Amino acid sequence: MDFIISSTTLLKGLQSISGVLTTNNSVPILNNFLFTIEDNNLTVTASDLETTISVKLTLLKSEKEGSFTIPAKILLDTLKTFSDIPLHFIVDEQQIIEITAGEGVFKLAGSKGEEFPKMPQLENTSSTEIASDVLVTAINKTIFATGEDEFRPAMAGVFCQLSDEGITFVATDAHKLVKYHHKGSKSDITESFIIPKKPLNQLKSILANCETPVKIEFNQTNAAFSFNNVNLVCRLIEGKYPNYEAVIPVQNSKILIVDRLQFLNSLKRVSIFANQSTNQVRFKITGRELTLTAEDIDLANAAKERLTCNFEGEDIEIGFNSKFVIEMLNNIDTEQIRFEMSAPNRAGLILPINNEESPEELLMLVMPIMLS
């Protein structure tokens, strides 16, 4: 095989898919990229067996079609040192790869393309399309709330529901829950599935500056996301997702409305003085005043800060893990938020105060901590 490609084109393509690579692979060939030459295009594939992603790049010149694998790390490290120059690849029958770049010649050993795992071919699929910016927002708003408990694998991913009422993404780890709904992204089918975190992180990274709609195809075991010159296939998480609607309190008589940034910055300051194992911050709300307090008895640390707010309902004193609340406030874009509560031992809801015409609906739930 013999082909020429721009170093910048190749580097950008490899960087867009390299996040799927892992270290200490039990299958050594997964430390390589698969290069496939066909119709004057180069398709580069990376895989960890659970997620496989490919990108198609245009070649400046090619002779003879075929495939081979090439060590990923050494190739990436080399490409990062080049300005935008043509790279001339020659691959012999022993899979020795020679790269000529300007006055430099570099050789490394590859392997046959047939040895690389095949990208899964999905059968009996359903499909839909979603705007790339909506998908990125849905991932960003929910992925931080996923769980890490290996005994509850369903919570380790994001639950996706498609319907004619819009798309809904949900994530929870049993301590916090986030539900994002976009009523403008309607689907002709009603389906649901659980997507692992790793492919979602890859998607949001690649889609950051993409304006092309994303086609989603899926069956019972896999999902494929296609857009521009990229195709990502991942294995879905098996199992039934928890009935999240059942844990969302619907009657909350205590309503706090506060400036989001002011609340966030105060909470960040006070939480520095909290016990680092519980991150507990006490919320005391009376009339138009919110008081945040934290202490670490072992270190004799303490902090207290007061905020002006709008509050409806009887006074309340309740404790929350400040880390969770800070994460939620960081993932809301509005100037003000609505914090709904009912009792010190029941979950609180954090909601952005949106324009009524917004197609987005965001609900965040956080469980309280028993005050000592």
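## Cysteines

Start with Cys309: at 4% relative accessibility, Cys309 counts as buried. Buried here means under 20% relative accessible area, exposed means over 50%, and partly exposed is anything in between (1.4 Å probe, protein chains only). This is a predicted model, where local features need pLDDT of at least 70 and side-chain atom pairs count only at pLDDT 80 or more, while totals for chains, interfaces and linings use all residues. Residues are numbered from 1 along each chain as its sequence is written, and side-chain values use heavy atoms, leaving out hydrogens and water.

## Overall layout

The protein has six helices and 28 strands. These are DSSP runs numbered from the N terminus: helices are H or I with at least four residues, strands are E with at least two. The C-alpha trace spans about 80 × 50 × 40 Å along its principal axes.

Of the 372 residues in the protein, 50% are buried. Among contacts (heavy atoms within 4.5 Å) with a sequence separation of 6 or more, 66% link residues 24 or more positions apart.

## H1 against H2

Helix H1 (residues 7-17) and helix H2 (residues 72-79) have axes that come within 10 Å and cross at roughly 135°. That makes H1 oblique to H2. For the angle classes, under 35 degrees is roughly parallel, over 145 roughly antiparallel, 65 to 115 roughly perpendicular, and the rest oblique. The axes are lines fitted to C-alpha atoms, for helices over the stretch in contact, with angles from 0 to 180 degrees between N-to-C directions. The crossing of H1 past H2 is left-handed, as the near helix is turned anticlockwise from the far one by less than a right angle (clockwise would be right-handed).

On the H1 side, Leu10, Leu11, Leu14 and Gln15 meet Leu75, Leu76 and Leu79 of H2. The residues of this contact divide into six nonpolar, one polar and no charged. Nonpolar covers Ala, Val, Leu, Ile, Met, Phe, Trp, Tyr, Cys and Pro; charged covers Asp, Glu, Lys and Arg; the others, Gly among them, are polar. Ser7 also belongs to H1 and is buried at a relative accessible area of 2%. Leaving aside neighbours within four places in sequence, Ser7 is in contact with Phe82, Ser83, Asp84, Ile85 and Leu87.

Why is helix H3 (residues 132-142) largely enclosed by the rest of the structure? Because eight of its eleven residues are buried. Those buried residues include Val136, Ile139 and Lys141.

The axes of H3 and helix H4 (residues 197-206) come within 9 Å and cross at roughly 130°, so H3 and H4 are oblique to each other. H3 passes H4 in a left-handed crossing. Val136, Ile139 and Asn140 in H3 meet Leu200, Leu203 and Lys204 in H4. By class, that contact has four nonpolar, one polar and one charged residues.

## A loop with positive phi

Asp39 is in the loop between strand E2 (32-38) and strand E3 (41-47), with a positive phi near 55°. At 59% relative accessibility, Asp39 is exposed. Asn40 is found in the loop between E2 and E3; its phi is positive too, near 60°, and Asn40 is partly exposed at 33%. Most residues other than glycine have a negative phi.
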